[in-house]
Amino acid sequence: MEAEWTQEAIQRITTENATLKQRVRQLTADNRSFDERLKAARSNLWFQDRRVADLEAQIADPVT
């Protein structure tokens with residue numbers, strides 16, 4: 001099956017392709033940013049958990 005492409009159709013598809021590529025770049029950048037924020041939140045939580053464990057140990061053994 002042979003299709004005839006009009007200049008208008010080619011322009012529309014080209015424009016849509018460029019728009020979709022830009023959207024992919026934006027989503028990729030957003031994903032990277034969210035991943036960095038998630039890693040930072042996990043790191044903060046780990047340090048907070050350690051601090052809570054230290055405080056619990058101090059409460060359990062008030063001599064130290």
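**A friendly note on side-chain contacts**

1. Let's start with K39, which counts as exposed at 53% relative accessibility (buried is under 20% relative accessible area, exposed over 50% and partly exposed in between, with a 1.4 Å probe and protein chains only). This is a predicted model, where local features need pLDDT of at least 70 and side-chain atom pairs pLDDT 80 or more, while totals for chains, interfaces and linings use all residues. Residues are numbered from 1 along each chain as its sequence is written, and side-chain values use heavy atoms, without hydrogens or water.

2. K39 forms a salt bridge with D35, their closest N and O atoms being 3.4 Å apart (a side-chain nitrogen of Lys or Arg within 4 Å of a carboxyl oxygen of Asp or Glu). Both residues lie in helix α1, four residues apart, about one turn of the helix. D35 is partly exposed, at 35% relative accessible area.

3. The count comes to two salt bridges. E16 and R12 also meet in one, at 4.0 Å from N to O. About one helical turn separates E16 and R12, because they are four residues apart in helix α1. E16 is partly exposed, with 44% relative accessible area.

4. W5, I10 and I13 make a nonpolar surface patch of about 300 Å² (nonpolar side chains joined within 5 Å, from residues with over 30% relative accessible area and no salt bridge). I10 sits in helix α1, residues 7–60, and is partly exposed at 36%.

5. You will find one aromatic pair here (ring centres within 6.5 Å; planes under 30 degrees apart are stacked, over 60 edge-to-face, the rest tilted). W46 and F47 form this edge-to-face pair, 4.8 Å centre to centre with 80° between the planes. W46 is partly exposed, at 48% relative accessible area.

How values were computed:
Phe/Tyr/Trp six-rings, centres within 6.5 Å; stacked < 30°, edge-to-face > 60°. Patch = residues over 30% accessible without salt bridge, like charges linked within 9 Å, V, L, I, M, F, W, Y side chains within 5 Å. Areas by Shrake-Rupley, 256 points an atom, 1.4 Å probe, with all protein chains shown as cover. Helix = DSSP H or I, 4+ residues; strand = E, 2+ residues; numbered from the N terminus.
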